[in-house]
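I opened this model today to look up a few points of its fold and its charged pairs. These are my notes, in the order in which I checked things.

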Amino acid sequence: MRRSSSPLRRLPQVLLVVAASAAAVASPGGAAATLWPNVPEQIARALTSGDALERRLAATRVGELAPETAIRLIQRGMSDPDVEVRLHLAGAAVRLRMPRAGDLVIEWLGEGDARLRLAACDVIRAAPTDRSVVALGRVLGDPDPHVRLAAATAMGAAGLPDAVSPLLGHLDDTAPEVRAEVARALGRIGDARAVVPLIGKVQDSVPEVRKATARALGELGDPRAVSALLLALQDASQDVRVEAVTALGRLRSDDATSAIADLVTASPGAAGAFPGARPSDSATSSNDVREAALRALGRIGSDAAVKALLAALAKDNPAAPRSAVRDALVSAGAAAVPALVAALAAAPSANTAAGAALVLGELKAREALPALARGMQRGVVPLRHGLRALGALGDPAALPGVLELLGDGDPAVRAEAIRAATALLDPARPDGRAVDPARALLVDPATAPDEKLALVQLLGRTGSPRAQAALLPLAKARSTPLRLAVIEALGAARAAGQLGAAVDAALLAALDDESADVRLRAAIALSRVAGPGSARPLLQRLTVAAEQDRGALGIALSGALSRADDAGGAGGAADAKAARDASGKGLVHEVAAAIASAPDAARDALIEGLGRMPGQAAGAALARMASAAPIDDRRKIAEALAGHPEAAAALRKLAGDPDPGVRANAIWSLGAAGDKDALPLLLPLLKDPDAAVAGNAAGAIGRAAGRLGQPARAAAALCAALPDARPYVRANALAALTVAGARCDGDAARDLLARDPAEAVRLAAADHLARSGADDDRRALARCAAEDRNAAVAGRCARAAPPRAPAAGAEDVVVFIVPFDAGRGGSVRDAPAPRAPFALVRADGLLRLGVADRRGEIFERGAPRGPIRLTVPAPLVK
């Protein structure tokens with residue numbers, strides 16, 4: 001399945017080089033076709049022509065028009081006497097998700113042409129109303145089975161309780177595909193009246209009907225279905241068995257645990273290898289049945305279910321990166337921890353002990369640390385797997401035991417110990433315990449080169465001054481890979497005093513290295529740790545550097561300026577006096593003056609640096625520049641002002657700029673820096689003709705409302721934006737509702753999850769519904785996980801979890817757009833693409849849209865910690 005996005009690893013204040021499709025960096029102005037101003041009028045006039053052929057041609061073009069115009073013409077034309085005209089307009093109504101379109105086609109359900117009846121069902125499915133869904137009941141008796149099927153599908157998608165009685169009356173339809181769809185529809189609606197009638201269909205003669213029935217009973221969640229589903233475990237079709245065992249897992253029926261455990265103990269690959277099974281006629285393998293059984297036991301999570309899963313660990317391979325058995329135990333959650341700990345205390349097999357340890361690590365069960373340590377000491381838990389578990393556990397208390405194994409004689413154990421220790425350390429919390437053992441191995445001539453690289457990374461993760469002192473002599477190592485690793489480690493944490501100055505000097509010296517990779521890595525490290533005293537030397541270098549070095553220097557300078565005050569120091573009278581130059585002008589003045597004369601390759605870096613500088617002087621300088629700056633400067637200034645709330649007035653002015661790229665950046669920045677006066681400005685921008693501007697407005701409303709504690713104001717505007725024809729506006733409206741802690745009345749989010757054609761919208765809907773915990777929302781997510789054809793959406797729905805606290809803190813992130821070039825065999829271009837349109841998906845689900853700067857860079861200030869990715873830009877999304 002083709003995916004349009006690429007996941008990225010997040011690092012604070014670091015360059016992120018991102019690959020996007022070549023189409024994603026097309027010219028902003030040429031991304032979408034435009035219509036001449038008189039075209040809508042021509043189409044409207046043609047739809048009233050007496051010539052049916054002319055009306056048909058006009059109807060095919062209605063979808064090209066702006067949504068408001070198209071909807072108005074569709075409403076007029078739905079009663080056209082020509083069938084083809086009506087069919088074309090119905091298709092346009094479906095694509096536009098035209099509100100209340102179902103009411104316009106109720107009369108079509110009685111038409112003699114089956115195509116119209118089918119089209120009416122499709123329209124009602126896309127835009128249902130209470131009246132139209134009830135009207136579908138009479139079509140369930142249509143002579144054409146395709147119409148009956150479409151009617152049942154639309155009724156199930158609408159989810160109205162009034163549809164239950166008509167659907168129950170057609171559970172015995174002569175066409176098996178209709179019977180199956182009726183069962184699916186009843187499961188989607190979730191009404192308990194359907195349970196007993198559906199139980200009677202578990203023995204239907206057609207496997208597809210039995211499969212749909214089992215799934216529906218699972219969705220209904222009624223324990224009365226357990227006996228029938230247990231019977232279905234012996235079905236001749238393995239597809240049916242998979243659905244039956246999945247349904248029992250959803251019911252969390254401990255009464256079914258024994259029967260499900262029998263499916264787990266069956267030999268994988270042997271059809272019918274469990275008691276009572278009949279020969280299989282299904283393409284699904286018995287291993288699929290076994291994995292479904294494991295998932296079901298994990299969902300049940302009872303003592304008996306966990307015991308069955310522990311027994312399955314004995315035949316599991318702990319060296320495999322993923323395991324269905326381990327995944328099931330993880331899904332059982334905290335309920336599995338006591339049994340796993342007890343297993344380690346007994347005398348388990350090596351596979352069982354290793355699997356139990358890995359599960360405890362994945363569950364972050366810190367209370368299991370003593371049991372893990374004892375298991376490793378007793379030789380019960382293999383060291384490699386025990387270390388892997390300790391690393392995943394994330395408890396710094398495990399570090400001493402891990403460090404003892406850094407010098408183990410087994411290279412595989414040493415490698416795992418280094419990885420575990422690295423995972424247990426955080427440079428933000430300096431910890432010197434690992435410095436001495438790691439340094440001893442690093443200077444040992446017998447240590448392999450790849451281990452030395454890992455040890456350097458480990459030393460950087462300690463955040464300890466002693467580690468940096470040990471690394472400094474290696475900054476000029478002859479081995480380029482070692483030099484790169486040392487530079488990255490030196491950039492992991494800021495050192496103070498003379499040591500910090502020595503680190504800065506070493507990194508500044510690396511900017512002169514003959515290797516471009518070393519220069520770039522040094523620039524990234526400086527951006528993260530350079531002291532404020534490095535800002536002036538970097539500024540001077542940038543103004544005289546060769547063009548190919550300005551990109552790296554800009555990265556370094558931007559980070560250094562973020563830690564400098566106007567005097568170029570870290571704060572305090574003594575620092576200010578020492579750092580201010582002889583003319584008495586501060587660093588802000590120097591940077592602003594450099595911008596005035598700098599070439600394009602350096603201007604964006606300087607503007608970004610001013611934006612990252614603390615203090616009102618930097619914000620005031622940016623605000624002054626904005627009034628007379630060229631377009632590219634205004635775009636960057638609008639982005640940079642996100643760090644200066646005191647300059648919100650300048651942002652509000654930029655939000656009305658004629659250039660959509662400037663507006664998009666200004667609006668996004670207002671979400672971070674705007675005050676209570678920003679919301680009234682943002683609300684009308686939801687209807688801006690530019691999709692990036694409107695999408696950013698939705699995101700900014702959610703961020704501002706959440707920050708200001710005004711979720712009700714956000715809900716009023718964002719709920720009204722959910723029917724917008726542009727996918728990213730809908731997606732950001734949903735994500736913004738989630739960020740603001742707001743919710744729309746009714747089932748708008750469930751409707752978007754079930755029917756919206758855009759992946760981004762369904763992903764946002766899944767995240768939004770996962771936070772509610774309501775039964776209807778959980779059922780909607782379960783249906784999505786089982787039925788959505790997009791793997792990313794189905795996976796998101798399956799993994800949807802109740803709300804949890806976001807990762808602590810935020811970080812500044814730099815992203816460069818480096819496109820794939822389809823014309824060069826799919827290779828990555830050598831340089832970022834200037835002014836490339838982009839869509840950046842943040843960890844909180846919000847999309848930031850717009851155009852990259854002249855370096856092909858995006859700067860995102862204060863992004864929430866977590867994964868980010870690029871997806872297809874707004875102008876190219878349909």
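Which kind of link do the side chains of Arg179 and Asp204 meet in? I find that they meet in a salt bridge, with 3.0 Å from N to O, and I keep in mind that this is a predicted model. Arg179 lies in helix H9, whereas Asp204 sits in the loop between helix H10 (195–199) and helix H11 (207–220), so the pair ties together parts that are 25 residues apart in sequence. I also looked up the burial of both partners, and Arg179 as well as Asp204 is buried.

Next I turned to another pair. Arg148 forms a salt bridge with Asp173, and their closest N and O atoms are 2.8 Å apart. This pair, too, links distant parts of the chain, since I find Arg148 in helix H7 (residues 145–158) and Asp173 in the loop between helix H8 (164–168) and helix H9 (176–189), 25 residues apart. Both Arg148 and Asp173 are buried.

I then searched the whole structure for salt bridges, and the search finds 70 of them. One of the pairs I noted is Arg855 with Glu857, whose closest N and O atoms are 2.8 Å apart, and both of these residues are buried. Arg855 and Glu857 belong to a network of salt bridges that also links Glu608, Lys636, Glu639, Arg842, Asp844, Arg848, Asp853 and Glu860.

For helix packing I picked H2 (residues 52–61) and H4 (residues 83–96), whose axes come within 8 Å and cross at roughly 5°. Because angles under 35 degrees count as roughly parallel, I record H2 as roughly parallel to H4. On the H2 side, Ala52, Arg55, Arg56, Ala59 and Thr60 meet Glu84, Val85, His88 and Leu89 of H4. By class, I note four nonpolar, two polar and three charged residues in this contact.

I also checked a loop residue, Ser479, which is found between helix H26 (465–471) and helix H27 (480–490).

Last, I took down the totals. The protein chain has 46 helices and eight strands, and 54% of its 878 residues count as buried. Among contacts between residues at least 6 apart in sequence, 67% join residues at least 24 apart. The accessible surface comes to about 36400 Å², of which 54% belongs to carbon and sulfur atoms.

Note on methods:
Residues numbered from 1 in each chain as written. Predicted model: local features only at pLDDT ≥ 70, side-chain atom pairs only at ≥ 80, totals over all residues. Heavy atoms only, no water. Helix = DSSP H or I, 4+ residues; strand = E, 2+ residues; numbered from the N terminus. Buried < 20%, exposed > 50% of the residue type's maximum accessible area, 1.4 Å probe, protein only. Contact = heavy atoms within 4.5 Å. Areas by Shrake-Rupley, 256 points an atom, 1.4 Å probe, with all protein chains shown as cover. Axes fitted to C-alpha atoms, helices over the stretch in contact; angles between N-to-C directions. Parallel < 35°, antiparallel > 145°, perpendicular 65-115°, else oblique. Nonpolar A, V, L, I, M, F, W, Y, C, P; charged D, E, K, R; others polar. Salt bridge = Lys/Arg side-chain N within 4 Å of Asp/Glu carboxyl O.
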